[in-house]
Structure formats: structure tokens, C-alpha cells
Amino acid sequence: CVGCVWVFFFGQYFTTVSLLDQLFSKGLMATGTIMSNRLRNVHFSQDKKFQRGVWEEFTRCDNQISATKWKDSKCVTLISNATGAKPHSVVKRWSKTENKEIAVPYPDVVKSYNQYMGGVDMCDQ
């Protein structure tokens, strides 16, 4: 297919910086959740300092990989050589404390990951 871009999505057990580097060297894009201990020299704030909808993003000096940590009900960390946190959108979430739906900022990397990875882990039963 002319002009097609393949983007692979991985869960946290498979995602590493070296994997994304290898894929990028072959012209392939990827996004995945990652365990924080696999990110050397990236120092995100502690989880308890994040409020819902807040994220931090670090981009490697060669601009090939970005790491994003975002909090919804819990913090999640993703790396990608395909997209970063911006542009962001807004998603509706239920707030127990306010007892209503609230608008929560939603980074693009999380949006694309959820769009294409969602439901895949249902096969893990």
C-alpha cells in the first residue's frame, strides 16, 4: 500500500526503548506502555504528585522517541516513536468525589494506544 504507515502497539511486558529503536531503524513506528524501571535517565514526578488529567512528557535529544506519563485513575507510562502527548483531546470520566462526569485532558499517545490496543488483552483470559 502506497503511503501506509504501520504502527505496532505493545503491552508493558514487551515494550523497551531498544525495541522502538530497532523498529525505527527499519522504518516502523510503535507505541507501548512501559514499566518505569525500563526508562533510564527519565525522571518523572512521583505518582502521588500527579492529579487526574496531568501528564509529563520527555523527548529524547534525537526527537525519535518520547516518553509520556499520564494520570487517569492511576498513572500510566508510554513510549512512542509514532506520536507524542500533543495534540491532546478531552475525555469524560466519572468523578467519585464530585459525583458527576468531568472533562479530563487526554494526551494523543494515550488516545491512539487505547484506540488500537483496547480489547487485545481480553485474549489473556
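**Aromatic pairs and an open sheet**

Mentor: In this predicted model, ring pairs join Phe9, Tyr113 and Tyr116 into a cluster.

Trainee: Why is the aromatic pair of Phe9 and Tyr116 called stacked?

Mentor: The ring centres of Phe9 and Tyr116 are 5.5 Å apart, with 25 degrees between the planes. A pair requires centres within 6.5 Å, and planes under 30 degrees apart count as stacked.

Trainee: How do you know whether Phe9 is buried or exposed?

Mentor: Phe9 has 19% relative accessibility. Buried means under 20%, so Phe9 counts as buried.

Trainee: Why does Tyr116 count as exposed?

Mentor: The relative accessibility of Tyr116 is 52%. Exposed means over 50%, so Tyr116 belongs in that class.

Trainee: In what order do the five strands form the open sheet?

Mentor: The order is 1-2-5-4-3, with mixed pairing.

Trainee: What makes strand 1 and strand 3 (55–59) stand at the edges?

Mentor: Each has a single partner strand, so one side of each lacks a neighbour in the sheet.

Trainee: What makes strand 3 and strand 4 (residues 66–71) a pair?

Mentor: Five bridges join strand 3 and strand 4 in the antiparallel sense. Pairing requires at least two bridges, so these strands pair. In strand 4, Thr68 stands opposite Glu57.

Trainee: Which strands does helix 2 touch?

Mentor: Helix 2 packs on the sheet and touches strand 1, strand 2 (29–33), strand 4 and strand 5 (75–80).

Methods
Residues are numbered from 1 along each chain as its sequence is written. This is a predicted model: local features need pLDDT of at least 70, side-chain atom pairs count only at pLDDT 80 or more; totals for chains, interfaces and linings use all residues. Side-chain values use heavy atoms; hydrogens and water are left out. Rings of Phe, Tyr and Trp (its six-membered ring) pair if their centres lie within 6.5 Å; planes under 30 degrees apart count as stacked, over 60 as edge-to-face and the rest as tilted. Buried means under 20% relative accessible area, exposed over 50%, partly exposed in between (1.4 Å probe, protein chains only). Helices (H or I, at least four residues) and strands (E, at least two) are DSSP runs, numbered from the N terminus. Contact means heavy atoms within 4.5 Å. Axes are lines fitted to C-alpha atoms, for helices over the stretch in contact, and angles run from 0 to 180 degrees between N-to-C directions.
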